[in-house]
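I set out to look up a few features of this structure and to record each in turn.

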Amino acid sequence: MTEILSVRGLSVTYGKVQAVRSVDLHITSGETVAILGANGAGKSSIVRALTGLVRVAGGDISFQGQDVTRLSSDRRAAAGMALVPEGRRVFGDMTVTENLQMGGYLAGRAVAERTETMFALFPRLRERRTQLAATLSGGEQQMLAIARALMRGPSLLVLDEPSLGLSPIMVQTIYRAIKDLRDKGMTILLAEQSASVALSLADRAYLLEAGSVVLEGPARALRDDPRVREVYLGG
Amino acid sequence: MVWTLAFAVFAFLPMVGGDYLLQIGAFVAIQSIAVIGLGLLTGFAGRISLAQGALYGIGAYTTAILVTELGVPPLAALPAAIAMAVLVGTVLGSPAIRLSGLYFVMSTIGLQQIVWIVLIHWSGLTGGPQGIRGIPPLSVAGFAFDSPARFYLAALFGSAVSFFLARRVVASRFGLFLRAVSDDELSSATAGVHVVRTKILALALSSGWAGAAGFLHAFFLRFVHPDMFSLELSVVDLTMAMFGGYRSLDGMLLSSILLGSASEYLRPFGQFRLVVYGFILLLTMMVAPRGILAAAGALLRRR
């Protein structure tokens with residue numbers, strides 16, 4: 001298995017606040033890896049640093065063998081990294097189809113074909129294809145955000161809190177889709193607060209506290225770890 | 001389609017209207033070019049600029065200087081006018097393009113004032129407060145657009161070209177980027193769009209349209225003066241672009257026609273014209289923030 005992402009000694013600071021302290025993590029091809037932690041533990045900061053949205057204070061990020069630490073977000077996207085941002089952030093003033101076009105323009109000619117694949121993955125989006133994204137429900141927007149990220153055929157899909165603010169039924173739907181992707185061999189990095197859902201489909205996980213990794217290992221082992229049970233799985 | 005027809009109908013104006021009407025028509029046509037250019041920046045890229053008048057002036061002065069001082073044939077001044085406006089707009093505007101909303105607007109007022117002051121004080125080049133007189137009529141391959149009817153048709157042609165060109169831009173992939181960037185910069189960047197480059201390109205396009213409007217303006221009155229390109233013109237252009245609507249080139253063209261011809265009726269207000277425009281801008285933001293066409297559409301649907 002080849003290593004897709006390798007992060008060494010990553011630190012992120014906002015002014016005087018150190019949000020991420022010397023974190024190491026790696027993902028191999030085809031793996032689904034979860035980053036768990038409470039609010040403010042540093043999950044989003046790691047995601048933002050990986051995708052080039054914040055400047056790192058220290059450490060190296062290597063993606064598919066290439067050092068991307070100093071690359072801008074659009075370059076990392078071109079290199080094959082795709083982000084489903086926290087809060088979905090679809091292009092509200094564009095139709096569903098236009099959102100997908102935006103996501104897929106890097107894919108060039110394959111856009112029409114990929115759009116069909118996305119509609120097959122999320123049939124709901126096909127029904128709403130001419131609708132403005134702002135008028136979709138939260139769950140539909142999350143589907144769209146995921147589909148938009150998949151449009152360019154990324155080699156790593158990064159999801160930031162995909163379950164945030166969604167109804168339990170919608171969380172199930174979204175996670176079923178993520179599981180589908182995993183089963184088809186997509187490499188996935190998942191930052192998630194609700195540990196139980198994330199651990200149900202991840203292969204491995206990292207547990208963050210105050211910006212540092214306090215626990216890491218196979219998802220099954222983490223699920224049984226008393227520390228995780230106590231804090232995140234409701235005792 | 002509707003607009004192709006409308007432009008064709010407007011082309012018959014010389015058969016029914018007198019010189020006065022044709023001059024207003026030419027003025028509206030020229031103005032619409034600057035407004036549509038500004039619309040690419042404000043309506044599509046979401047950057048509000050109060051420097052369009054200055055860039056318009058750069059185009060007009062470049063044209064005036066080239067044809068009077070250097071004897072350049074009129075049409076050859078067009079690419080120069082566009083290039084100069086693009087150069088000034090992007091060189092002075094690019095450092096500010098990263099700034100968020102209000103700060104960007106403030107910096108464009110700065111750009112507007114810098115250009116105006118240069119036009120007034122660099123007398124050696126611009127004629128200073130005297131302006132530049134004696135601009136020959138617009139002529140192409142020996143044919144002079146020297147009557148109000150002829151010039152009106154040339155201006156109308158320019159307006160039509162700029163409008164249909166802008167439509168191409170908006171419908172292109174780059175048009176999609178513009179809307180994406182104004183919607184959500186983070187999502188655009190992570191979708192692979194170079195956000196800053198996209199905004200600078202929008203600024204360049206908008207400046208280019210202003211330059212083209214300035215080119216025609218120089219041949220319209222055949223005289224240029226710094227006060228023609230003051231902050232007032234920028235406010236008027238912005239009002240027209242906002243009134244016309246967010247992401248609606250049709251609306252912008254319509255509002256150029258409505259407000260552009262209205263500026264004649266506002267003449268009795270003299271210096272207070274700007275107050276009237278300010279009022280229209282304020283009302284638009286409050287009542288129809290997405291412009292007249294969107295507001296009219298919403299009204300019709302409610303029925």
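**Conventions.** I note that this is a predicted model, in which local features need pLDDT of at least 70 and side-chain atom pairs count only at pLDDT 80 or more, while totals for chains, interfaces and linings use all residues. Residues are numbered from 1 along each chain as its sequence is written, and chains are lettered from A and ligands numbered from 1 in the order in which they are written.

**Helix 6 of chain A.** Helices (H or I, at least four residues) and strands (E, at least two) are DSSP runs numbered from the N terminus.

I then looked up burial: a residue is buried if 20 or more other C-beta atoms, placed from the backbone, lie within 10 Å of its own, exposed if 12 or fewer, and partly exposed in between. Eleven of the 13 residues of helix 6 of chain A are buried, so this helix is largely enclosed by the rest of the structure. Among the buried residues are Met143(A), Leu144(A) and Arg148(A). The covering elements include strand 6 (81-84), helix 3 (96-104), helix 4 (111-121) and helix 7 (168-183) of chain A.

**Helices 3 and 4 of chain A.** I recorded that the axes of these two helices come within 10 Å and cross at roughly 120 degrees; axes are lines fitted to C-alpha atoms, for helices over the stretch in contact, and angles run from 0 to 180 degrees between N-to-C directions. That makes helix 3 of chain A oblique to helix 4 of chain A, where under 35 degrees is roughly parallel, over 145 roughly antiparallel, 65 to 115 roughly perpendicular and the rest oblique. Residues are in contact if their C-beta atoms, placed from the backbone, lie within 7 Å. Helix 3 of chain A contributes Thr97(A), Leu100(A), Gln101(A) and Gly104(A), and helix 4 of chain A contributes Val111(A), Arg114(A), Thr115(A) and Met118(A).

**His26(A).** I found His26(A) in strand 2 (residues 17-28) of chain A. His26(A) is partly exposed, with 14 other C-beta atoms within 10 Å. Not counting residues up to four places away in sequence, His26(A) touches Glu3(A), Leu5(A), Ser6(A) and Val7(A).

**Two arginines with positive phi.** Most residues other than glycine have a negative phi. I noted that phi of Arg88(A) is near 70 degrees. Arg88(A) lies in the loop between strand 6 and helix 3 of chain A and is buried, with 27 other C-beta atoms within 10 Å. Phi of Arg247(B) is near 55 degrees. I placed Arg247(B) in the loop between helix 12 (231-244) and helix 13 (249-265) of chain B, and with 20 C-beta neighbours inside 10 Å Arg247(B) counts as buried.

**Between the chains.** How many residues of chain B are in contact with chain A? I recorded 14 residues of chain B in contact with 21 residues of chain A. On the side of chain B, helix 9 (173-183) and helix 10 (185-190) give two or more residues, and the largest share, five residues, comes from helix 9 of chain B.

Definitions and conventions: Contact = placed C-beta atoms within 7 Å.
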